[in-house]
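Reader: Hi! Could you walk me through this one with me?
Author: Happy to, let's open it up.

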Amino acid sequence: MARILWIACAAPGSLFPAVPIALELTRRGHELTVLCAPGSQKTFESLGFGFRPARELRTSEFGAYERIREARSARHAGCVRALYADARRELSAAAYDAAMVDPLEPGGEFACDASGIPSFSYVHWRMAEAGLDTWFRFRVWDRTSPGAEAFVEWWNEQRALVGLGPEPRPPEEHVWYRHSRDLTLILGLPELVEPKGILPPYAVRVGPTVWEPPLEVALPEWVERLGRERPAVLASVSTVGAMDAQLVREAGQAVDGEDLDVVLTVAAASALPPLPENVRIVRFIPHGVLLPRVAAVVSHAGNGTVTRAACAGVPLLLLPDGRDRVNVARGAASAGIALVLDREKADAMRLRSALRTLLKDARYRTHARELARQAGRYDAAATAANAVEALLA
């Protein structure tokens, strides 16, 4: 059996899709040790993994910058170097056979490259397999050259930060530079990928991995009643910034007086505007518990929420706010399971009209249920583990 170092990102959106693969590998007898930020130790140890702390850097460590993009870039460079050093140290200290690397942590992949250790990465957010790297496009790119050329230049700058030479893969493969050239596991529903690209030989689509932490307390009584007397809707926002507060306000006005029960999951309820009586505000409850009980989902088009809803056969009303969410929304609309609204133009009247259409037009529910049946045919964790064992062999 193999010893594997999991170089992880602790953010739930990146972590949760990878957990089923890690658990399947340990079930097969492989030993996984996690290298991640210290604050995540309890989470990983509760799942049965060994743990090694990596340094956790903050923007303030790099001084004051007048331009936000420069500050982000400086912070990113510092994190790349720090994780590279931590991963090289851990890979040298123990006899690992391979590393499992989150592609949002390039310092980890660079360390594997320098150490000669086989690696495999996983990606759940590659919803558009053609075009520019999503993270780079929205956070870094301020070059005047064409996007692909600018990304290749930037990527080689990242490699140079830790003393590595230019990327050995050809420039036309730049969409996949962030991912392991030994094995890349593409998670999520292939039916939602729009547009699909030509995969390199090391990339494998394995299907959706839907995982949530186990509940530590009993479900509230109202959850059991949800959706029994009248249709229920799940509304979810990731933050409570100005744009999200405005969306919540418009959504509240849209459902005011409607024969619906709405569950709104948010990070901090204290920052929200007043809402009508048929909206229940919940700081946290697993969406997997609510989805079997709701008739529709209203979301900013986060990949995790859309994937879970699709696997549960629930149609969506999506209001993407940029980044990869535009791609996610486009894929869901193309699959016939979602209506998409321009977030800046989505006032209460448009939201109410779209939600009524979503609930009354049976085609959305039919397409969502068919997609859920297709999703049930995937065994992503086993398919991924098989690919990893083939790499190890």
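Reader: What share of the contacts with a separation of 6 or more comes from residues 24 or more positions apart?
Author: Such residues account for 64% of those contacts in the protein, with contact meaning heavy atoms within 4.5 Å. This is a predicted model, where local features need pLDDT of at least 70, side-chain atom pairs count only at pLDDT 80 or more, and totals for chains, interfaces and linings use all residues. Residues are numbered from 1 along each chain as its sequence is written, and side-chain values use heavy atoms, with hydrogens and water left out.

Reader: Thanks! How many residues count as buried?
Author: Of the 393 residues, 53% do; buried means under 20% relative accessible area, with a 1.4 Å probe and protein chains only.

Reader: And which residues have the most contacts inside the largest nonpolar core?
Author: Those are Trp6, Phe44, Met100 and Leu185, in a core of 31 residues. A nonpolar core here is a set of buried Ala, Val, Leu, Ile, Met, Phe, Trp, Tyr and Cys residues joined through side-chain atoms within 4.5 Å. Helix 15 gives the largest share, five residues; helices are DSSP runs of H or I with at least four residues, numbered from the N terminus.

Reader: What does Trp6 touch?
Author: Beyond its neighbours within four places in sequence, Trp6 contacts residues including Leu15, Val34, Phe44, Met100 and Tyr122.

Reader: Which residues does the second core include?
Author: That separate core of 30 residues includes Val314, Leu316, Ile337 and Leu371.

Reader: Switching topic, what are the overall dimensions?
Author: The C-alpha trace spans about 60 × 50 × 40 Å along its principal axes.

Methods
Buried < 20%, exposed > 50% of the residue type's maximum accessible area, 1.4 Å probe, protein only. Helix = DSSP H or I, 4+ residues; strand = E, 2+ residues; numbered from the N terminus.
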